[in-house]
Structure formats: structure tokens, C-alpha cells
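Colleague: I'm new to this, so could you walk me through the structure, starting with the aromatic rings?

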Amino acid sequence: RFDGVTWSLFFDGSDVGVGSVDVFAFYIVDADTILMSFDKAITIGGLPAALGDIVQFDATSLGSNTVGSFSLYFDGSDVGLDTTSEKIDAMEFLPDGRILISTTGSPSVPGVSGKDEDLLAFTPSTLGDTTSGAWAMYFDGSDVGLADSSSEDIDALDVAPNGDIYLSALGNFAVNGVSGADEDIFICTPTSLGDVTTCNYSPVLYFDGSIWGLDANDVDGVNLP
């Protein structure tokens with residue numbers, strides 16, 4: 001957790017059996033509930049979590065002494081996320097119930113396909129062990145300059161209440177008006193979404209990771225306060 005001045009440990013995965021994997025994407029639901037996906041398949045206390053799954057962590061304690069339990073929130077294989085290129089590496093949950101995801105490669109799910117710079121929207125009918133629902137394109141990154149290189153894979157996102165989309169990329173990125181590296185967060189203000197995406201990028205980085213000691217790291221998940 002970063003409060004604008006200092007860093008603190010929010011979730012210690014090694015305390016709860018996920019020290020061998022990377023938390024690839026996360027979303028904080030409330031003070032003691034976190035949704036997350038991992039870069040590898042893993043079994044946590046008897047719960048199998050595949051590459052396209054989202055698990056829910058219900059905490060009894062967070063910080064340097066993290067304690068809690070996991071359950072399956074979203075079974076990706078039920079809805080077409082079943083290949084190694086379809087690892088979930090960014091996620092967001094919208095007020096209307098839709099789940100936004102980006103993947104490490106080119107996803108192909110019922111009704112829509114995309115690339116690693118895109119965001120797909122999933123409207124759930126059911127969640128958990130039996131996941132069902134419908135997919136649609138939410139954000140086409142190639143429309144707004146995010147397909148020029150393999151390093152412009154979206155690997156972190158958050159959508160603000162006003163609709164602004166906060167993004168980080170796998171590596172160096174350069175879009176209209178702003179450029180940065182994998183430790184930075186930049187803002188797209190969309191003017192249209194879906195199959196025809198347009199947006200205005202803020203010329204100023206929202207978060208410059210190199211200023212705060214992250215120049216050797218990739219920001220691969222973000223959740224705004």
C-alpha cells in the first residue's frame with residue numbers, strides 16, 4: 001500500500017500459501033475481502049486455482065500477519081479462459097456488476113476475441129464453481145496507440161468513478177501525449193468505448209514509479225483508494 005509518501009505491506013501472500021506465485025491482478029472489495037488471480041496454476045489448501053480463475057480471499061488479519069481463507073470466485077474455464085495465453089493479468093469491477101479483465105496473450109472467448117492490450121467486459125449470470133455470463137469488448141487498446149510494441153500489454157488497471165481508466169503496461173509505452181515505463185501508471189479519459197475506442201491521455205503520469213523506488217520493478221496490479 002502506498003499512501004503518497006510511504007509504503008507498507010498490505011497482504012503477505014507467503015503467510016497464506018501463495019508465496020510461490022505472483023499475484024498477477026487484484027481488486028479490493030472491502031476492508032477484509034480481496035479478489036486476485038495468479039501467474040501460475042496453484043492449489044491453496046485444497047482449492048485449485050487455474051490460470052483463468054479469480055479467487056476470493058476473506059481476511060481475518062492483513063499486513064505483516066496475514067490470515068484468512070480462499071474460495072473460488074470466478075471459474076475462467078467455464079467461460080472460455082482456458083489457454084496459457086489467457087492468464088488474467090489485470091482486473092476491475094464496475095458498479096453495474098461487470099468484470100473487466102486483460103490477459104497476457106490474445107483471448108478468444110464466446111462472442112469476442114482480443115489482444116493483450118485490450119480489456120474485455122464480462123457480465124456474470126452466475127459466479128463461483130459454476131460461472132456463466134456474456135463477454136463484450138470494453139476497451140480496444142489498438143485503437144488508442146497500445147499495439148505498437150509487445151511491451152504495451154496492459155497488465156494493471158483501475159476505473160475511477162468518473163470513468164477515467166488508470167493503466168500500467170508490461171514494459172515501455174508511448175501513446176499520444178505521454179510515455180513511460182512498466183513501473184508507471186497513466187490515465188485515459190475515454191470518449192467512446194467498445195469496438196471503437198477513443199480516449200484522451202493525460203500528459204502527466206498519475207504515478208511515476210521511478211520516483212518512489214520502483215524503477216527496477218513492474219507495477220502489474222493497481223487498486224486506487
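Colleague: How many aromatic pairs does the structure hold?

Modeller: First, a heads-up: this is a predicted model, where local features need pLDDT of at least 70 and side-chain atom pairs count only at pLDDT 80 or more, while totals for chains, interfaces and linings use all residues. Residues are numbered from 1 along each chain as its sequence is written, and side-chain values use heavy atoms, leaving out hydrogens and water. Rings of Phe, Tyr and Trp (its six-membered ring) pair if their centres lie within 6.5 Å; planes under 30 degrees apart are stacked, over 60 edge-to-face, and the rest tilted. By that rule, the number of aromatic pairs is 14.

Colleague: Which kind of pair do phenylalanine 57 and phenylalanine 70 make?

Modeller: Their ring centres are 4.8 Å apart. The planes sit at 45°, so the pair counts as tilted.

Colleague: How many residues apart in sequence are the parts this pair ties together?

Modeller: Strands are DSSP runs of E with at least two residues, numbered from the N terminus. Phenylalanine 57 is in strand β5 (residues 54–61) and phenylalanine 70 in strand β6 (residues 67–74), so the parts tied together are apart by 13 residues.

Colleague: Is phenylalanine 57 buried or exposed?

Modeller: Buried means under 20% relative accessible area, exposed over 50%, and partly exposed in between (1.4 Å probe, protein chains only). Phenylalanine 57 has 0% relative accessibility, so the word for it is buried.

Colleague: What about phenylalanine 173 and phenylalanine 186: what kind of pair is that?

Modeller: Both of these residues are buried. Their rings are 4.0 Å centre to centre with 20° between the planes, which makes the pair stacked.

Colleague: In what order do the 4 strands of the open sheet come?

Modeller: Two strands pair if DSSP finds at least two bridges between them. For instance, 6 bridges join β1 (residues 23–30) to β2 (residues 33–38), and a hairpin of 2 residues links them. The sheet's pairing is antiparallel, and the order is β1-β2-β5-β6.

Colleague: Which strands are at the edges?

Modeller: An edge strand here pairs on one side only. That describes β1 and β6.

Colleague: In β2, which residue is the bridge partner of isoleucine 28?

Modeller: Another spot along these two strands has alanine 25 opposite serine 37. For isoleucine 28, the bridge partner in β2 is isoleucine 34.

Colleague: Is isoleucine 211 buried or exposed?

Modeller: Isoleucine 211 lies in the segment after β18 (198–201). Its relative accessibility is 57%, so isoleucine 211 counts as exposed.
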